[in-house]
Amino acid sequence: MECGRAPGGGHAMTRRIRFNAFDMNCVAHQSPGLWRHPDDQSHRYKELSYWTELAKLLERGRFDGIFIADVLGTYDVYGGNDIAALRQGAQIPVADPLLLVSAMAAATEHLGFGITTGTGFEHPYPFARRLSTLDHLTGGRIGWNVVTGYLPSAARNFGADDQLDHDERYNQADEYLEVLYKLWEGSWADDAVIRDAAQGIYVDPAKVHHIGHRGAHYTVPGIHLSEPSPQRTPVIYQAGASPRGVRFAAENAEAIFVAGPSKRILAQTVSRIRAALTAAGRDRDAARIYALATIITDTTDEAARRKHEEYLSYASVEGGLVFMSGWMGIDLSRYDLDDPIGQVRSNAIQSAVAAFQEFDDDGREWTVRDIGRWAGIGGMGPVFVGSGATVADLLQEWVAETDLDGFNLAYAITPGTFEDVIRHVVPVLTERGVYPTEYVPGTLRNALFGAGDRLPGEHRGARYRLGGPLSTALPDSVARPGAAAAEIS
């Protein structure tokens, strides 16, 4: 889907625009088939140098961070199996995202890192230590994208017949976060580590507290294994769009990713999120909201259009249908490619395509083939095509009319798409005064909000701090398991 120049230029608007890079430790992340392009380097995802070079590139472009998606299953709705996904390299093979962060952090000074993991597939206790470790090693530049899972294949490989019901997944995630907040915020006092060589005391035991958690899904009686990290709780990212997902995001998220093909749909989504933030007792701007988008740009509009057409020639219709089947939960292989979309019995498919048809001037009815072609570049977000000035006009228009904070930028090819954005679009936005000229120093949370390293007081997680209203840390007078043995030894 190609978007043209904003009417009238639109560059008088001065609202700030923020960028994240959207990637995944695999090939064919959001653009199936583009791995065949001779300039695409996504096959290098197995090389540490790919990630460190990309991190340095994004920091030169003053991106807020790199957001790394993940799945723990295959896209096997299309055809009822994972054959097409494997054939197309559609997010399979896929490697762990967390193991990339330390190297990228060592290669950069300011870039943030948003890492995706699911709440349904790992106990929160070891996960809490893993995130605290990364927060220490990155100097407080880590964020966590909370996902509850959507691929049935992942659930099966963890021994379940299917995912939990949608809302029940969020109920479990609520408790998952409760455990984490207790560990990160309510276990160790800031001054617990004293390193008193004279007395031979490294940690003051009176300042480390058992959390005593017992809930419907988890029992965690003990202490957090890590001392407080720069942010304690990493920046919480979330991307739920359902009513239950929006409520979860409003209570927990500090950065929210949305996807929508039109300004109208995005404006409605953002409005719902801002209202939910207020209802949760937080400021309406307490979370940065980023929309998925892909930018194809060059020195001129015509050069960008030619580049777009070239990329489309590599895009895989089958790969697009593999993704769409997984996202929408309907097997599109059961339809002929030239079947009109009206024959596809799925409200989700029809509502999504109806939104994208807003960009069609000829009013034709889309076919199944059109769905696959559209999903071939950029996933569920718009594709902005044009010179740096044209794309800047469009970005400013979308931000002004939707109340977005910025964009989560997918790639057509990597790192070429990001290089093009930094070469052609960032200078225009910077010249217009709507893009940062330098980083805010310190942690990712401080860079995003300029209000310090720790969770603000109105955030749900802050209530679990020691002495807070929801702190359940056991009092010091309670005997700790093994305390007597420790005193004897």
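Contact is taken here to mean heavy atoms within 4.5 Å. Helices (H or I, at least four residues) are DSSP runs numbered from the N terminus. The structure is a predicted model, in which local features need pLDDT of at least 70 and side-chain atom pairs count only at pLDDT 80 or more, whereas totals for chains, interfaces and linings use all residues. Residues are numbered from 1 along each chain as its sequence is written, and side-chain values use heavy atoms, with hydrogens and water left out.

The average pLDDT (the predictor's confidence in each residue, from 0 to 100) is 89 for the protein, and 87% of the residues score at least 70.

Helix α8 (residues 263-279) packs against helix α13 (residues 388-402) with the axes 9 Å apart and at an angle of about 45 degrees. Axes are lines fitted to C-alpha atoms, for helices over the stretch in contact, and angles run from 0 to 180 degrees between N-to-C directions. At this angle α8 is oblique to α13, given that angles under 35 degrees count as roughly parallel, over 145 as roughly antiparallel, 65 to 115 as roughly perpendicular and the rest as oblique. The crossing of α8 and α13 is right-handed; a crossing is right-handed if the near helix is turned clockwise from the far one by less than a right angle, and left-handed if anticlockwise. On the α8 side, Lys-263, Leu-266, Ala-267 and Val-270 meet Glu-397, Trp-398, Glu-401 and Thr-402 of α13. These residues divide into four nonpolar, one polar and three charged (Ala, Val, Leu, Ile, Met, Phe, Trp, Tyr, Cys and Pro count as nonpolar, Asp, Glu, Lys and Arg as charged, and the others, Gly among them, as polar).

The axes of helix α1 (residues 48-60) and helix α14 (residues 416-431) come within 10 Å and cross at roughly 20 degrees, so α1 is roughly parallel to α14. Their crossing is left-handed. Leu-54, Leu-57 and Leu-58 of α1 make the contact with Phe-418, Glu-419 and Ile-422 of α14, a set of five nonpolar residues, no polar and one charged.

Salt bridges (a side-chain nitrogen of Lys or Arg within 4 Å of a carboxyl oxygen of Asp or Glu) number 30. One of them joins Glu-178 to Lys-182, with the closest N and O atoms 2.9 Å apart. Glu-178 and Lys-182 are separated by about one helical turn because they lie four residues apart in helix α6 (residues 166-186).

How values were computed. Helix = DSSP H or I, 4+ residues; strand = E, 2+ residues; numbered from the N terminus.
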